[in-house]
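Subject: Structure handover

Hello,

Here is the structure you asked about. My notes on what was found in it follow below.

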Amino acid sequence: MRRALRSTKIKKIVKRTPGNRLTIHFRKPKPNYAHCGICGKKIVRARLRASEIRKLPKVQRRPERPFPELCPKCMREKIKAMIRAVVKI
Ligand SMILES: [Zn+2]
């Protein structure tokens, strides 16, 4: 077994081949949750690899609102702060 495949994060599945032999198949772990850029809270989004996300339609890749990298709460705070900064000038 390759050194990289000995990690406990990789799931090992024993499969029986058509030739009646047992082989080990490896399942890569799911990628981590997306996190908010300001508060670090988890963002509810599909936990997919970049290659799998590329296959989805654009509307399913990220939320359809400004600042998709932030959680909704931080997005609201950021927009309020931006508007306040403009009003002061
Ligand atoms: Zn946040």
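N20 is exposed, with 6 other C-beta atoms within 10 Å. N20 lies in the loop between β1 and β2. Its phi is positive, about 65°, although N20 is not a glycine.

Before going on, two remarks on the source. Residues are numbered from 1 along each chain as its sequence is written. This is a predicted model, in which local features need pLDDT of at least 70 and side-chain atom pairs count only at pLDDT 80 or more, while totals for chains, interfaces and linings use all residues.

**Confidence**

The pLDDT, which is the predictor's confidence in each residue on a scale from 0 to 100, averages 89 over the protein. At least 70 is reached by 99% of the residues. Confidence is highest in β1, at 94, and lowest in helix α1 (residues 50-53), at a mean of 87.

**Overall layout**

The protein has three helices and four strands. These are DSSP runs numbered from the N terminus: helices are H or I with at least four residues, strands are E with at least two. Along the sequence the pattern reads β-β-β-β-α-α-α. The radius of gyration is 21 Å, well over the 12 Å that the globule rule gives for 89 residues, so the protein is more spread out than a compact globule. The radius is taken over C-alpha atoms, and the rule is 2.2 Å times the number of residues to the power 0.38. Along its principal axes the C-alpha trace spans about 75 × 25 × 15 Å.

How many of the 89 residues count as buried? The share is 2%. As for contacts, meaning pairs of residues whose C-beta atoms, placed from the backbone, lie within 7 Å, 22% of those with a separation of 6 or more are between residues 24 or more positions apart.

**The hairpin**

Strand β1 (residues 11-16) and β2 run antiparallel and are joined by six bridges. Two strands are taken to pair if DSSP finds at least two bridges between them. They form a hairpin with five residues between them, and N20 sits in that turn. Within the pairing, V14 stands opposite I24 in β2, and R16 stands opposite L22 in β2.

R16, which is found in strand β1, counts as exposed because it has 9 C-beta neighbours inside 10 Å. R16 and C36 are 20 residues apart in sequence, and their C-alpha atoms are 43 Å apart in space.

In the segment before β1 lies T8. T8 counts as exposed, with 7 C-beta neighbours inside 10 Å. T8 and P29 are 21 residues apart along the chain, and their C-alpha atoms are separated by 9.8 Å.

G40 lies in the loop between β3 (34-35) and β4 (42-43). G40 is exposed, since it has 9 other C-beta atoms within 10 Å. Between the C-alpha atoms of G40 and C71, which are 31 residues apart along the chain, the separation is 8.7 Å.

F67 is placed in the loop between α2 (58-61) and α3. Like N20, F67 has a positive phi although it is not a glycine; the value for F67 is about 55°. With 16 C-beta neighbours inside 10 Å, F67 counts as partly exposed.

Is helix α3 covered or in the open? None of its 17 residues is buried, so α3 lies largely in the open. Helix α3 covers residues 72-88 and should span 24 Å at 1.5 Å a residue; the end C-alpha atoms are 25 Å apart, which agrees. The expected span is 1.5 Å times one less than the number of residues.

Regards

Terms used
Buried ≥ 20, exposed ≤ 12 C-beta atoms within 10 Å, placed from the backbone. Contact = placed C-beta atoms within 7 Å.
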